[in-house]
Structures are given as structure tokens and as C-alpha cells.
Amino acid sequence: MAFCSNCGSSLKENSLFCPVCGQRVGVVLKVQQQDSFVTSDKFKETKPFKPNNNMTLAILTTCFCCVPFGVYAIVLANKVDTLYYSGEYELAEMAAKDSKKWSIIGILSTFTLYILCFVIGIVLAIMTDGEIFEGL
């Protein structure tokens, strides 16, 4: 029987990738069922995929929309990798979701402010019959 050299899970014959961890199968270890390698618990634990840290969205939010929300999103995005590689997978997933949430809040707040300024400009133009814009 063949086992993955990365996670230790059993492989089907002629597999190119491990079905559990996705590791490319290069050297296949042939071991017998009674070896301690097979019964070891450390190989039964699988890591989930690393969540997207949304760093690009956070940087774009900082540059083009709202600096405070964007910077906070960058801080959260930076935490994702640190938490993931320290084994705290749920916290890494939460930090990734929070980073995306604060980036979107920054984008929406900026567009809301633009729309509000546009509406105020139109209201002022209507109230003053356009006189407010004559000096521009």
C-alpha cells in the first residue's frame, strides 16, 4: 500500500496527487499496515487550505477610498498568514473575512460620501438658481 509523503494518508495506485492534502506524489512510500508510521496520529491531522487574506483589496481601499478603514483591513490581512502558519486556522479564517468586510465598508462609505456631495451640490444649485457656481 502507498502513502503520501506529506500527510501520510493512503494513496490509490498510480495517483499523481494526494486526495487529502493535494501534495504531488513524487516518491511513494511503501509500508506495511503494522508499521508505526501508518498508525501515527500526526499524519491523520490535515491542514485546511489557507484563506485568501484580501491584501490587494485592502491596499486598493487604502489608496483610492478610505485610509482609516483600508489601513485596518491591511492589519487584519497581515494577521491571516501569521495565524494560519501558527496553526490557528479558525482565527485566520475570521481575520480574512474581517479584512474583506472592512475593505468593503471603506469602499461603500467613500461612494456614499461622493453621492452625498453630489446631491448637496445639486440642491445648492437648485436653491440658488445656479448663482453659487458662477464664480467658478
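Does Tyr-84 count as buried or exposed, and at what relative accessibility? At 8% relative accessibility, Tyr-84 counts as buried, where buried means under 20% relative accessible area, exposed over 50% and partly exposed in between, with a 1.4 Å probe and protein chains only.

## Basis of the model

This is a predicted model, in which local features need pLDDT of at least 70 and side-chain atom pairs count only at pLDDT 80 or more, while totals for chains, interfaces and linings use all residues. Residues are numbered from 1 along each chain as its sequence is written, and side-chain values use heavy atoms, with hydrogens and water left out.

## Aromatic pairs

The structure holds five aromatic pairs, a pair being rings of Phe, Tyr and Trp (its six-membered ring) with centres within 6.5 Å, called stacked when the planes are under 30 degrees apart, edge-to-face when over 60 and tilted for the rest. One of them joins Tyr-72 and Trp-102, whose ring centres are 5.5 Å apart with planes at 85 degrees, so this pair is edge-to-face. Because Tyr-72 lies in helix α3 (residues 67-85) and Trp-102 in helix α4 (residues 89-127), the pair ties together parts 30 residues apart in sequence; helices here are DSSP runs of H or I with at least four residues, numbered from the N terminus.

Tyr-72 is partly exposed at 41% relative accessible area, and Trp-102 is partly exposed at 23%. Together with Phe-69, these two residues form one aromatic cluster.

The rings of Tyr-84 and Tyr-85 also make an edge-to-face pair, with centres 5.2 Å apart and planes at 80 degrees; Tyr-85 counts as exposed at 61% relative accessibility.

## A positive phi

Asn-54, which is not a glycine, has a positive phi of about 60 degrees. Asn-54 lies in the loop between α1 (36-39) and α2 (55-64), and is buried with a relative accessible area of 15%.

Note on methods
Helix = DSSP H or I, 4+ residues; strand = E, 2+ residues; numbered from the N terminus.
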